Amino acid sequence: MWNPEELWYLASYAAAALVSGQITGKEGEKFNAGKLGQRTIGKDGVVILGPLTVFDKSNIDKFSF
C-alpha cells in the first residue's frame, strides 16, 4: 500500500503546482514534489507516488494512522 503521509504530501505539491499554473495536468508535464523529487503526470492526469510501502512487524510501529 502507499504510505498515506507521502500520498498526502505528493497530492499537496501537485495541487499547488496546478493552482499556481506551473502545470496544467497534461500528460508528460513535470513538477517538483519536494522531498519526493520530480514527478511526471501520466495518462488521464495520474501521478504515481512510487514504490509501495510494505507494512510488517519490523516497520508498523513507525506509522500512526
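Predicted model: local features only at pLDDT ≥ 70, side-chain atom pairs only at ≥ 80, totals over all residues.
Me: How does the span of helix H1 compare with what its 16 residues should give?
Reply: Helix H1 covers residues 4–19, and at 1.5 Å a residue it should span 22 Å. Its end C-alpha atoms are 22 Å apart, which agrees.

Me: Which residues of H1 are buried?
Reply: Tyr 9, Leu 10, Ala 14 and Ala 17 are buried in H1. They cover an arc of only 130° around the axis, which puts them on the same side of the helix.

Me: And which are exposed on the other side?
Reply: Glu 5, Trp 8 and Val 19 are exposed there.

Me: What covers the buried residues of H1?
Reply: The cover includes strand E1 (30–32) and strand E2 (38–40).

Me: What about phi at Gly 21, after H1?
Reply: Gly 21 follows H1 and has a positive phi, near 85°.

Me: Changing topic, how many aromatic pairs does the structure hold?
Reply: There are two aromatic pairs. One is formed by Tyr 9 and Tyr 13, and it is tilted, with 5.0 Å centre to centre and 45° between the planes.

Me: Where do Tyr 9 and Tyr 13 lie?
Reply: Both are in helix H1, four residues apart, about one turn of the helix. In general, an α-helix has 3.6 residues a turn, so residues three or four places apart point the same way.

Me: Is Tyr 9 buried or exposed?
Reply: Tyr 9 is buried, with a relative accessible area of 19%; the cut-off for buried is under 20%. Tyr 13, at 34% relative accessibility, counts as partly exposed.

Me: What about the pair of Phe 55 and Phe 63?
Reply: Phe 55 and Phe 63 form an edge-to-face pair, 4.8 Å centre to centre and with 75° between the planes. Phe 55 is partly exposed, with a relative accessible area of 24%. Phe 63 is also partly exposed, with a relative accessible area of 22%.

Me: Back to Tyr 9: which charged end sits over its ring?
Reply: That of Lys 35, which lies 4.9 Å from the ring centre.

Me: Which residues make up the largest nonpolar core?
Reply: The core has 10 residues in all: Tyr 9, Leu 10, Ala 14, Ala 17, Ile 23, Phe 31, Ala 33, Leu 36, Ile 41 and Leu 49. H1 gives the largest share of this core, four residues.

Me: What is Leu 10 in contact with?
Reply: Leaving aside its neighbours within four places in sequence, Leu 10 is in contact with Phe 31, Ala 33, Leu 36, Arg 39, Val 47, Ile 48 and Leu 49.

Me: And Tyr 13, on the same terms?
Reply: With neighbours within four places in sequence left aside, Tyr 13 is in contact with Phe 31, Asn 32, Ala 33 and Gly 34. The C-alpha atoms of Tyr 13 and Glu 29, which are 16 residues apart along the chain, are separated by 14 Å.

Me: Moving to the segment after E2, what is the phi of Asp 44?
Reply: Asp 44, found in that segment, has a phi near 60°, a positive value in a residue other than glycine. As a rule, most residues other than glycine have a negative phi. At 71% relative accessibility, Asp 44 counts as exposed.

Me: Does Thr 53 count as buried or exposed?
Reply: Thr 53 counts as buried, at 18% relative accessibility. Not counting residues up to four places away in sequence, Thr 53 touches Met 1, Asn 3 and Phe 63.

Me: What is Gly 50 in contact with?
Reply: Gly 50 also has its place in the segment after E2. Apart from neighbours within four places in sequence, Gly 50 is in contact with Trp 2 and Arg 39. The C-alpha atoms of Gly 50 and Lys 35 are separated by 13 Å.

Me: Last one: is Ser 58 buried or exposed?
Reply: Ser 58 counts as exposed, at 60% relative accessibility. The C-alpha atoms of Ser 58 and Arg 39, 19 residues apart along the chain, are separated by 29 Å.

Note on methods: Residues numbered from 1 in each chain as written. Heavy atoms only, no water. Helix = DSSP H or I, 4+ residues; strand = E, 2+ residues; numbered from the N terminus. Expected span 1.5 Å × (residues − 1). Buried < 20%, exposed > 50% of the residue type's maximum accessible area, 1.4 Å probe, protein only. Arc of directions from axis to C-beta. Contact = heavy atoms within 4.5 Å. Phe/Tyr/Trp six-rings, centres within 6.5 Å; stacked < 30°, edge-to-face > 60°. Lys NZ or Arg CZ within 6 Å of the ring centre and 35° of its normal. Core = buried A, V, L, I, M, F, W, Y, C linked by side-chain atoms within 4.5 Å.
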